[in-house]
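Please work through each task with the sequence and the model open before reading the solution.

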Amino acid sequence: MKILVTGGAGFIGTNFIYRLLERYEAYDVVCLDLLTYAGNLKNLEQALENPRFRFIRGDIADRQLIEPLFEAERFDAVVNFAAESHVDRSISNPGVFLMTNVIGTQVLMDASRKTGVKRFHQVSTDEVYGDLPLDQPDLLFTEKTPIHASSPYSASKASADLIALAYFRTYGFPITVSRCSNNYGPYQFPEKLIPLMISRALCDKKLPVYGNGSNVRDWLYVGDHCAAVDLIVHRGVPGEVYNIGGNTEKTNLEVVKTVLAQLGKPESLIEFVRDRAGHDLRYAIDASKIKAELGWEPETAFDEGMARTVAWYCQNSAWLDEILTGSYREYYAAMYGED
Ligand SMILES: NC(=O)c1ccc[n+]([C@@H]2O[C@H](COP(=O)([O-])OP(=O)(O)OC[C@H]3O[C@@H](n4cnc5c(N)ncnc54)[C@H](O)[C@@H]3O)[C@@H](O)[C@H]2O)c1
């Protein structure tokens, strides 16, 4: 089996590539990634030592690159993690989100259809469902909840989901879609809540929390997300959408306090800042379908996953520093020459 993982130099894609290389000794794994600010080739340093792994730098929306690549490589399966993924950035610059997240997905699917790819998995997000009220804790997103995206980011992800589902209905192209809640764990870029708070708390800097910190997210350890995607790619039913969630709803303030407690830092570092425009109140996932049909459940309890995550960032302070100073980009130049 030859499997293409797009966006594999980012947070979840990196974790997924290591899982594939460890578990499937007969697989050839190719990573295609543009190495935007969020992609870090250093994440894949150990994978690059493995003869079953190859890295290709490129844009999923670049048809001139993608079609000949697919013709030459004849992938069996494609898992599309590549995306612009930060809501705040989508508010200030939506265009690149549409280009990568929507057109990029279409270009990948067109090339996949032409070259007989047997499974295309689209990695999506619970954010496509919009948000839930804070005062009705029994309400959860199911796969049947209508799409009601709030931000340019979630609207672009929702568009890609709809196009993937349309390719199944129209052409019988074997796609699956997964919609996952908020992930945390090793290799997450320090603009996202948990690594941002860890990196600032480590330097005793103020921790900016939007509004009053009461927005609720459902948190899932990244390894559990990767296990779910792995199952769907191998055993999911074409044309189906699967919700993936951690059953772990926390307010942003609770998450930040957990980080501070684990690092032994004072809560006085917390600083409330002006809320994000259109900030979704609450996300909560009903993941009973993937449990019933594929037998997946989250395995990592929040406290355990957070302890592992905080420890990873402490042990990998050089990784963090290289991102914070921008020098992580020099690794690519050293490996492949200047752009
Ligand atoms: N992080 C989460 O909590 C979460 C939750 C649910 C779903 N998701 C989805 O999972 C996927 C991965 O998320 P992440 O947090 O790892 O994101 P990330 O931002 O860490 O990584 C994205 C990767 O995609 C690459 N990329 C961006 N544009 C590209 C392009 N045009 N061509 C090729 N590569 C490109 C980047 O270089 C980067 O390596 C995304 O599709 C995201 O929507 C993320």
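## Exercise 1: The ligand and its shell

A nitrogen atom of the ligand lies 3.0 Å from a polar backbone atom of L34, a polar contact being a pair of N or O atoms within 3.5 Å, where within protein one must be able to donate a hydrogen and the other to accept it, and residues adjacent in sequence count only if both atoms are side-chain atoms. The model is predicted, so that local features need pLDDT of at least 70 and side-chain atom pairs count only at pLDDT 80 or more, while totals for chains, interfaces and linings use all residues. Residues are numbered from 1 along each chain as its sequence is written, and side-chain values use heavy atoms, with hydrogens and water left out.

Task: find the side chains of D59 and T100 that face nitrogen atoms of the ligand, and then describe the shell around the ligand by class.

Solution. Begin with D59, where an N or O atom in the side chain is 2.8 Å from a nitrogen atom of the ligand. Next, at T100, a polar side-chain atom lies 3.1 Å from a ligand nitrogen. Taken alone the ligand exposes 840 Å², and the protein buries 96% of that (accessible areas by the Shrake-Rupley method with a 1.4 Å probe; for residues, only the protein chains shown count as cover).

Then turn to the shell: 28 residues surround the ligand, the closest being I12, D33, S85, Y153 and K157, where near means that a heavy atom of the residue lies within 4 Å. By class, the shell has 13 nonpolar, 12 polar and 3 charged residues, with Ala, Val, Leu, Ile, Met, Phe, Trp, Tyr, Cys and Pro counted as nonpolar, Asp, Glu, Lys and Arg as charged, and the others, Gly among them, as polar. Finally, β5 gives the most to this shell, with 3 residues (helices, H or I of at least four residues, and strands, E of at least two, are DSSP runs numbered from the N terminus).

## Exercise 2: Aromatic rings

Task: decide how the rings of Y18 and Y187 are arranged, stacked or edge-to-face.

Solution. The search of the whole structure finds 19 aromatic pairs, where rings of Phe, Tyr and Trp (its six-membered ring) pair if their centres lie within 6.5 Å, and planes under 30 degrees apart count as stacked, over 60 as edge-to-face and the rest as tilted. For Y18 and Y187 the centres are 6.3 Å apart and the planes make 20°, which is a stacked pair. This pair links distant parts of the chain, with Y18 in helix α1 (residues 11-23) and Y187 in the loop between β7 (182-184) and α6 (193-202), 169 residues apart.

## Exercise 3: Two single residues

Task: classify S181 by its accessibility and G95 by its accessibility.

Solution. S181, in the loop between β6 and β7, has 4% relative accessibility and therefore counts as buried; its side chain is joined to that of D218 by a polar contact of 2.9 Å. G95 is found in helix α4 (residues 95-114), and at 44% relative accessibility G95 counts as partly exposed.

Note on methods:
Buried means under 20% relative accessible area, exposed over 50%, partly exposed in between (1.4 Å probe, protein chains only).
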